[in-house]
Amino acid sequence: IIKKKKNILIVCEDIFLLNLLAKNLSKKNVYIKFHFLVHILKFFEIFLLFLSGLYLQCKFLYDLIKLKVFCIFNQKKKQKELLGNLVLFHHALEFNVKSYSCRYFKQLPDWFKKNGKQVYKIPWFFNKKISFKFLRDLKNNNFLIFDEWLNITDYIYVYKTFFKSFFTIKKNTYIDNINLDSLILKEKLLHLQQPSVFFLRYIPALKKMTKNVTSITSYDHFENMPFEHPLRFGLKQLNIKTKNVGFFHSLVSKNFFVYSHSKSEWQSKIKPEIVLCTGKLSKSFLIKNNIPKKIIRIAAALRQNKIKKTKIKGKNIMILLPLEKLSSIELLSKIYLNRKKIFKDINAKIVVKPHPLANLTMLLKQTKINKIPHNWIISKKSINQELTKSFCCITMSSASAFDAIINKNIVISIKSDFDLYDNYLDILDDKNSFINSIEIDKLNNVLKNIYYLKNNEYIKSFKKIRKNLLGGLNFVNSSNLKSFIT
């Protein structure tokens, strides 16, 4: 292209990507002309990301200090000594939910306990306000508070490791003769915003708390996310028998690349020894993404439930928001701003269902929704309760699309302007036009077809899709729960 064209205008939303293009093209003797505003924007982008990261790290430090102070003043109820063979579960705690169960592992920890296992839980991250009552409730529910074992030396180690991680990728990094320094700088600035210190403290805590432990089997998500890595690494550093089990708890889009691996990665200490999945569909997906076949086992789909529909057929439209913040903002903004056009001539109640781990207040603020429109409700009920009343679900980048199909809802995936994994249903049948993602301006026509013009066609098509999905999932029973025992 460069050889054929005399002048090229590059329009780019990302200042770091623009800088990468300029840096690499200039080495090919291409003259690059920047508007002077680009340099100013670059400075402010870097400065604001750094400032945001610095603020968040101060906040995380404050939370850690508060947590440690509460542990010190709660010495009388300090965790008893850990002995024997342990089973650990890495738990996600939800906003504004009194229960301390995990939506991903569901009843599994209790089932292990009933079968004679010594079960403890590790809070995935603190979504709730830290207080004496909060810590007391966690401990009453068999959660381990790692800070009870940590001292100032351990926290220094944690922060030293965190800041050391910024230098693992050095300058002048090339892939296929492309200099990636600009993108690496962006990732380092984003890394500064992450609560990594919460997870890195697992490493010294595990070493101290397991002096009299014989063995540990740890169950965690398998999403190749940073919060998984310190726990697995810390366990593999111990001089006792340990086993790391990753649970691939739900199907995802084939374009969700966090599951893509090179074969050499499986020598790393941050990878699990066993990956449990929910059925034939998920096993096939994992194998295609270079997860070694010998470590994959089919267990049960813990988070999926078949719901008995009421006799009265539901007709609500449910907007299923994903966990990923930017996708939630994009989906809700698009629908809210175009709501009159989208729902014109559609006689149905609109139910907005946020992800249980999402911060609803922040979401409404960032989408600038000050007043909920007429005929809209924001539901705090479980997704299963709402699916009984709904007929159609609109979503983007959400595994809840599968829950909707299982429970006889028609699902519409909206195309994202930013992500490739907007349509989780593409893993089922990418040739079926009924499950292809659509642009937001086509939504009204599709809703009219679903509710009025082509109602039977959609019902018939999604019945086949549902049959395919159900055939690829193992629903929970006493037999496949035993598959979790490794």
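This briefing describes strand pairing, salt bridges and a surface patch in one structure. The model is predicted. Across the whole structure, a search finds 15 salt bridges.

**Strand S10 and its neighbours**
- Strand S10 (residues 350-353) is covered on both faces, with Ile350 and Val352 buried on one side and Val351 and Lys353 buried on the other.
- Strand S9 (residues 316-320) runs parallel to S10 and is joined to it by four bridges; Leu320 has Lys353 as its bridge partner in S10.
- Strand S11 (residues 376-378) also pairs with S10 in the parallel sense, over three bridges, and Ile350 has Trp376 as its bridge partner in S11.
- From S10 the chain passes through helix H13 (residues 360-366) to S11 in a right-handed β-α-β crossover.

**Salt bridges**
- Asp181 and Lys23 form a salt bridge at 3.6 Å, N to O. Asp181 belongs to helix H6 (residues 181-191) and Lys23 to helix H1 (residues 15-26), so the pair ties together parts 158 residues apart in sequence.
- Asp181 is buried at 14% relative accessibility, whereas Lys23 is partly exposed at 31%.
- Lys208 and Asp154 form a salt bridge at 2.6 Å, N to O. Lys208 lies in helix H8 (residues 202-209) and Asp154 in helix H5 (residues 152-164), so this pair ties together parts 54 residues apart in sequence.
- Lys208 is partly exposed at 29% relative accessibility, while Asp154 is buried at 9%.

**Nonpolar surface patch**
- Residues including Phe36, Leu37, Ile40 and Leu51 belong to a nonpolar patch on the surface, whose members together have about 900 Å² of accessible area.
- Leu37 lies in helix H2 (residues 36-72) and is partly exposed, with a relative accessible area of 42%.

Methods:
Residues are numbered from 1 along each chain as its sequence is written. This is a predicted model: local features need pLDDT of at least 70, side-chain atom pairs count only at pLDDT 80 or more; totals for chains, interfaces and linings use all residues. Side-chain values use heavy atoms; hydrogens and water are left out. Patches are made of residues with over 30% relative accessible area and no salt bridge: like charges are joined within 9 Å, nonpolar side chains (Val, Leu, Ile, Met, Phe, Trp, Tyr) within 5 Å. Accessible areas come from the Shrake-Rupley method with a 1.4 Å probe; for residues, only the protein chains shown count as cover. A salt bridge is a side-chain nitrogen of Lys or Arg within 4 Å of a carboxyl oxygen of Asp or Glu. Helices (H or I, at least four residues) and strands (E, at least two) are DSSP runs, numbered from the N terminus. Buried means under 20% relative accessible area, exposed over 50%, partly exposed in between (1.4 Å probe, protein chains only). Two strands pair if DSSP finds at least two bridges between them. A crossover is right-handed if, with the strands pointing away from the viewer, the path from the first strand over the helix to the second runs clockwise.
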